[in-house]
Amino acid sequence: MTQTQVLQGTPVVAGKAFGPAIWPGARPEYDPSAEDAVAEDEREVETKRFTDAAAAVAGRLRERASHASGAASEVLVATAGLAEDRGWVGAASALIAKGTPAPAAAVAATEQFAAMFTKLGGLMAERVTDLNDVRDRVVAELLGIPEPGVPEPPVPSVLLADDLAPADTAGLDPTLITALVTRLGGPTSHTAIIARQLGIPCVVAVGELATVAVGTTVLVDGTAGTLEVEPDEARALAGVDESRRKAAAVASWTGPGTTADGHPVSVLANVADGASARNASGHPVEGVGLFRTELAFLERAEAPTIAEQTTLYREVIDAFADQKVVIRTLDAGSDKPLKFVTQLNEANPALGVRGNRIAIDHPEIRAAQLDAIAAAAQESGATPWVMAPMIASPSEAAEFAGEVRRRGLIAGVMVEVPAAAILAPAIMAEVDFVSIGTNDLTQYTMAADRMSAELATLTDPWQPAALALIDMVARAGQAAGKPVGVCGEAAADPLLACVLVGMGVSSLSAAPAAAAPVGARLSEVTLDQCRSAAQAVLKTADPAEARAVAAAALGG
C-alpha cells in the first residue's frame, strides 16, 4: 500500500473528512454443527426462547426509532418488522420443532429467505443486508453476547464497511463518525440517504475498500467520490479546513430559495411523520415536498383508522402551518409489504402491485387515506397537495385526480415510471402538479437495481437518459403552466439541483439537512447559467461527463 493510493467510488454527500479508519464490530461467530439436537420435550421452550429473542431485538430497534426521525426512523421500524416477520419466525420455529437449536434455526431460516429475496431481485434484494443484520442480532441475543454494530470510537473517525444495515447507520453520531465509505451500495441506498440526513461526507461502491485496515488514516472526498489512503497530513487537514469553511458559509443560508437573479425555487423537505416534520421546520425549508405516509401502515396487523391517520397528518400540516405540504399516498408493496392485506407472490415485486396499484384490489385503503387527509385539512384550515406513487398512464392520473378533487384537495402524481415521463403532456392535463421521484425513475430507466453496488454507475442520478426524461417532464409542466417538483435524492445534490432548475423544475425536496447546501448553491448562480448547464448536460453521454460540463457551466 503506497502513501498516495486513491480508491475511487461513487460520490454521495459532498465534503471532506480525515481521520483513522474503523470497521464495524465482528458479527457473532456461531457454528451450527457444534450443537446437539434439541430434545423433543425441550422444543417448545426453545421455540419460546427464539421468539422472545426476536421480540427483544424488535423492541430495541423500535425504541431507537422513537428517538430518531425521518428516514432513520422509517428504516429502523422496517428492520424491526423483519425481526418479527411471520414468515421468517415461522420458518425458524418449524426448524426448532424438528430439533434444530434456536441459533441454528435463525441462521437456516435467514439463508432460506435471503436466497428467495436475492432471486426476486430489485428492491427485495436490498432486504438481504437488513435480514442478515436481524439474524446476527437475534443470534447474539440467544448466545447472551452484545449486539453487533458500529463501535464508538475514542476520536472522530471514518467508518468503512462492506455495507451498513439501516439499524447501524441510523444510530450514528456525526461528531464521532465524520464520514461513511462502503464497498457496496448505490447512491440511493439507506446508507446514502441517512448520510445526507446526518450531513456527513459519503462515498459508496468503493471496490477495493477491503484493502484499508483499521487505524489507517484516510481522507474522504465526498465531492470527488474518492478515499485517499495515508495522505500527507498537512495537506489533508488543510483540505478539511477549507471544506468546513465552505460548509459554515452554506450553513448561514436561511432562504427562501432563489437564484442570484431572483428566480424563485421552492426548497422543501422530505418527512415521514410529525417528529421529522417538526425537526425539518428548524431548517431553512419552505414546506414539505414529500410526506411519506407509509410509517402509519407498516408493521400493523390491521389498517390504521381514519381517526389515527387524521391525527398523523395534522401533526405534519401543523408543523408547517400556512406553508406548502405535499402528501404522498401509501407507497407500500415490494420491499414494504402490508401485513393486513394478502400479498401476491410476485416474481418481480418492484414492478408489481405497489403504490397506487394497491387500490386495484383494495380501494378502501386509499379511500380511507384520502378521507383522513381531507379531515386533517378541514380541521387545520389548510389545503394540502396530494400525489399518488407509481402512476404509469393518463387514465390512472385522471382517476386519482378525480378522487382527490372530490375531497377538495390539490391533485398530483409522482413521475417515477418512464411511461409517465414520456406521456407527461397528457398526464399534466389531468392533474394540478407532478413531482419526479428520481430514485425510481433512474432505476426503471436504466433497468438497474438502485441498491446494486455493481450497477451503481447505471443508477447514478446524473445518468443522461434519466435527465432527458426529467427535461421532458419539466418542459411539459412549463407548457401547461403547472409546477414540476423533484423529490428524489437528486434534489439533495447542489450542483444537480442547479441543472434541474435550468430544465424548469420549480421545487426541490430532499432531506432537511440538504436544504442549506442546495439553497446556497442556487443563490450563487443565475437562471441563465442554470439553463446553460442543463443544455450542456443534455448533450452528454455518461454521468462523469455530465457532472464535468455542469461544473464548468456553473463555475465549479
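Predicted model: local features only at pLDDT ≥ 70, side-chain atom pairs only at ≥ 80, totals over all residues.
User: Which residue of S8 is the bridge partner of Leu7?

Analyst: Start with the strands. Strand S1 (residues 6-8) and S8 run antiparallel, joined by 3 bridges. Within S8, the partner of Leu7 is Leu227.

User: Strand S7 also pairs with S8. Which residue takes a positive phi in their hairpin?

Analyst: Strand S7 (residues 217-221) runs antiparallel to S8, with 4 bridges. Val218 stands opposite Val229. The hairpin has 4 residues between the strands, and the positive phi, near 75°, belongs to Gly225.

User: Is Ser93 buried or exposed, and why?

Analyst: Ser93 sits in helix H3 (residues 86-97). Leaving aside neighbours within four places in sequence, Ser93 contacts Thr47, Phe50 and Thr51. The cut-off for buried is under 20% relative accessible area. Ser93 has 16% relative accessibility, so Ser93 counts as buried.

User: How many strands form the closed barrel?

Analyst: Follow the order S9-S10-S11-S12-S13-S14-S15-S16, with parallel pairing. The twist averages 25° from one strand to the next. The closed barrel has 8 strands.

User: What angle does the direction of helix H10 make with that of S10?

Analyst: Helix H10 (residues 306-319) packs on the sheet. H10 touches strands S9 (266-271), S10 (287-292) and S11 (324-328). With the direction of S10, the angle is about 155°.

User: Which residue in S13 is the bridge partner of Ala388?

Analyst: Look at strand S12 (residues 385-388) and strand S13 (residues 410-415). They pair in the parallel sense over 4 bridges. The partner of Ala388 in S13 is Val413.

User: Not counting residues up to four places away in sequence, which residues does Val499 touch?

Analyst: Val499 belongs to the largest nonpolar core. Its contacts beyond that sequence limit are Trp462, Ala533, Ala534, Val537 and Ala550.

User: How many residues are in the second, separate core?

Analyst: Its members include Ala65, Trp88, Val89 and Ala105. This core is separate, and its size is 37 residues.

Methods
Residues numbered from 1 in each chain as written. Heavy atoms only, no water. Helix = DSSP H or I, 4+ residues; strand = E, 2+ residues; numbered from the N terminus. Buried < 20%, exposed > 50% of the residue type's maximum accessible area, 1.4 Å probe, protein only. Contact = heavy atoms within 4.5 Å. Pairing = 2+ DSSP bridges. Axes fitted to C-alpha atoms, helices over the stretch in contact; angles between N-to-C directions. Core = buried A, V, L, I, M, F, W, Y, C linked by side-chain atoms within 4.5 Å.
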